[in-house]
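Subject: Structure handover

Hello,

Here is the structure I said I would pass on. Please load it alongside the sequence before reading the notes.

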Amino acid sequence: NSSISEFVLLGLTNTWELEMFFFFIFLLAYAAIVAGNLLIVVTVTFDSHLYSTPMYFLLGNLSFLDMCISTITTPKMVTDFLRETKTISLWGCMAQMFFLHFLGGSEMTLLIVMAVDRYIAICKPLHYTSIMNRRVLMGSVLLSWAVGFVHTMSQMVFTITLPFCGPNRVDNIFCDLPLVLKLACTDTYVLELLVIADSGLLSFICFILLLISYTIILVTVRRRSSGGLSKALSTLSAHITVVTLFFGPIIFIYAWPFSSFSVDKFLSVFYSIITPLLNPIIYTLRNQEMKAAMNRLRTQH
């Protein structure tokens, strides 16, 4: 008849020395994530050439999503390394899960939009500016946000009504929906299947669509020998790298034959720290237009 008001996060380790090590590593990583992604967002927003280019407009939105996803989890995780008892309120936990699935679903959909953008740029270059106009771009971004919202609402609308009256220990660095569902004081078997099917289906569809589109692009590029495609191929390699980093760990971890491997914690650290940190590195250090735009902004301001 009693309900709990908070959850206890078990974190990565119970060793004080390791917690201090993780504290400094993750604090530096989060600072780099915010600085790198914010730099991309500001550069794309205030540089007229990049802002009017579909690829960079979508890249700015991707960096914004990455920064938000990391902000939802990493600051709480960093401060928890300094606490003996790592707790989060019930509604704070619900909000964390809501925004994680909202932004995660939006990012997967946005990666598909970016793949379509590269397909049109490489396979239909003469019609690129007419197809990828401002109206299509804004509609595509809004669609990605809508897919993420529907994705999270289809799961959270049932989760917030569950009773929690017993165990409240979550064996992760933040509130993970499948782990929290297991703590409910009722049978959640059907809801757990719904969550797995919902997230799994969205990830599978996005990955298959990305695989098909990039395969078509690579075949098209191979058939053409024009030197003008070298620039497009360079940007395409950056997109493929990001997609591989995004979906690769999920495929590898769930195909791993040893159950002792900590799947949840590995994926939590990877998607809250590593992926948002690598995206700005891949898209800025290898991109001459982005570096030139940053230099222009630096000289102007």
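This is a predicted model: local features need pLDDT of at least 70, side-chain atom pairs count only at pLDDT 80 or more; totals for chains, interfaces and linings use all residues.

Overall make-up. The protein has 301 residues, of which 49% are buried. Its secondary structure consists of three strands and 11 helices. Read from the N terminus, the order of elements is β-α-α-α-β-α-α-α-β-α-α-α-α-α.

The pair α3 and α4. Helix α3 covers residues 54-80 and helix α4 covers residues 90-123. Their axes lie 10 Å apart, and the packing angle is about 160°. Angles over 145 degrees count as roughly antiparallel, so that is how α3 and α4 run relative to each other. The crossing of α3 past α4 is left-handed. In the contact between these two helices, 16 residues are nonpolar, five are polar and four are charged.

Helix α11. This helix takes in residues 288-300, which makes 13 residues. At 1.5 Å a residue it should span 18 Å, and the distance between its end C-alpha atoms is 18 Å, so the two values agree. Which residues of α11 are buried? They are M290, A293, M294 and L297. Around the axis these four cover an arc of only 100°, and therefore they sit on the same side of α11. Q288 and T299, on the other side of α11, are exposed.

Regards

Definitions and conventions:
Residues are numbered from 1 along each chain as its sequence is written. Side-chain values use heavy atoms; hydrogens and water are left out. Axes are lines fitted to C-alpha atoms, for helices over the stretch in contact, and angles run from 0 to 180 degrees between N-to-C directions. Helices (H or I, at least four residues) and strands (E, at least two) are DSSP runs, numbered from the N terminus. Angles under 35 degrees count as roughly parallel, over 145 as roughly antiparallel, 65 to 115 as roughly perpendicular and the rest as oblique. A crossing is left-handed if the near helix is turned anticlockwise from the far one by less than a right angle, and right-handed if clockwise. Ala, Val, Leu, Ile, Met, Phe, Trp, Tyr, Cys and Pro count as nonpolar, Asp, Glu, Lys and Arg as charged, and the others, Gly among them, as polar. The expected span of a helix is 1.5 Å times one less than its number of residues. Buried means under 20% relative accessible area, exposed over 50%, partly exposed in between (1.4 Å probe, protein chains only). The arc is that of the directions from the helix axis to the C-beta atoms.
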